[in-house]
Amino acid sequence: MKNLISNIKLESKILEKNTEEELSEKINKIKKKAKIQGLDSVIVEWFALVQEISTRQIGLKHFDTQLLAGLLLHQGKIVEMKTGEGKTLSSTLPVSLNALTQKGVHVVTVNEYLAERDQRWMGKIYKKLDLTVGLVKNDSTTEEKQKSYNSEITYVTNSEVVFDYLRDSSAFNFNEVTQRPFNFCVIDEIDSILIDE
């Protein structure tokens with residue numbers, strides 16, 4: 001892990017000197033490489049790229065602990081971070097990396113306010129990475145939900161994702177179905193969502 005973090009930081013230093021155009025070329029190059037060689041082959045390059053784009057778009061650069069959290073989340077592990085340690089920013093790393101598969105990534109939060117806030121805020125990073133971002137709300141229409149769930153990254157509350165799953169399971173015809181098969185998910189407040197609720 002230490003080596004990976006050091007390599008990400010080295011790569012990030014190089015990217016600081018890149019123009020917007022050069023970063024765009026790099027994004028496309030990494031996406032192609034990920035399709036052929038898999039996500040793990042591009043972790044260092046992609047995390048460094050996300051770090052640089054985050055710095056440019058929202059003025060926040062991932063600290064070492066956030067890079068480590070991103071690596072662990074990508075491996076499907078649970079990461080505990082205190083309030084203010086940057087969970088939201090950490091999640092941009094594995095979320096955007098797994099979005100490269102184009103099979104969909106869910107970011108599940110405890111309430112609609114957080115889902116909407118994070119989708120708008122982190123969406124600035126994802127859009128610059130040329131990734132589509134959706135938001136599923138309680139009052140979203142079936143069409144809006146379908147569009148959001150078919151985005152590469154979907155922000156949604158835990159209750160909404162469950163109810164949509166149940167609705168889809170009892171749908172009479174295919175055009176009423178809103179979700180696609182599940183692929184990768186990052187759950188905020190996992191103890192609250194998976195244990196308490």
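Strand 1 and strand 3 (residues 153–157) pair in the parallel sense over five bridges, where two strands count as paired if DSSP finds at least two bridges between them, and strands are DSSP runs of E with at least two residues, numbered from the N terminus. This is a predicted model, in which local features need pLDDT of at least 70, side-chain atom pairs count only at pLDDT 80 or more, and totals for chains, interfaces and linings use all residues. Residues are numbered from 1 along each chain as its sequence is written, and side-chain values use heavy atoms, with hydrogens and water left out.

**Strand 1 and its partners**

- Within the pairing to strand 3, V108 has V156 as its bridge partner.
- Strand 1 also pairs in the parallel sense with strand 4 (residues 184–187), over four bridges, and there V105 stands opposite F184.
- Strand 1 (residues 105–109) is mostly covered, five of its five residues being buried, that is, under 20% relative accessible area with a 1.4 Å probe and protein chains only.
- V105, V107 and T109 point one way from the strand, while H106 and V108 point the other way.
- In a regular strand the side chains alternate between the two faces of the sheet.

Notes: Buried means under 20% relative accessible area, exposed over 50%, partly exposed in between (1.4 Å probe, protein chains only).
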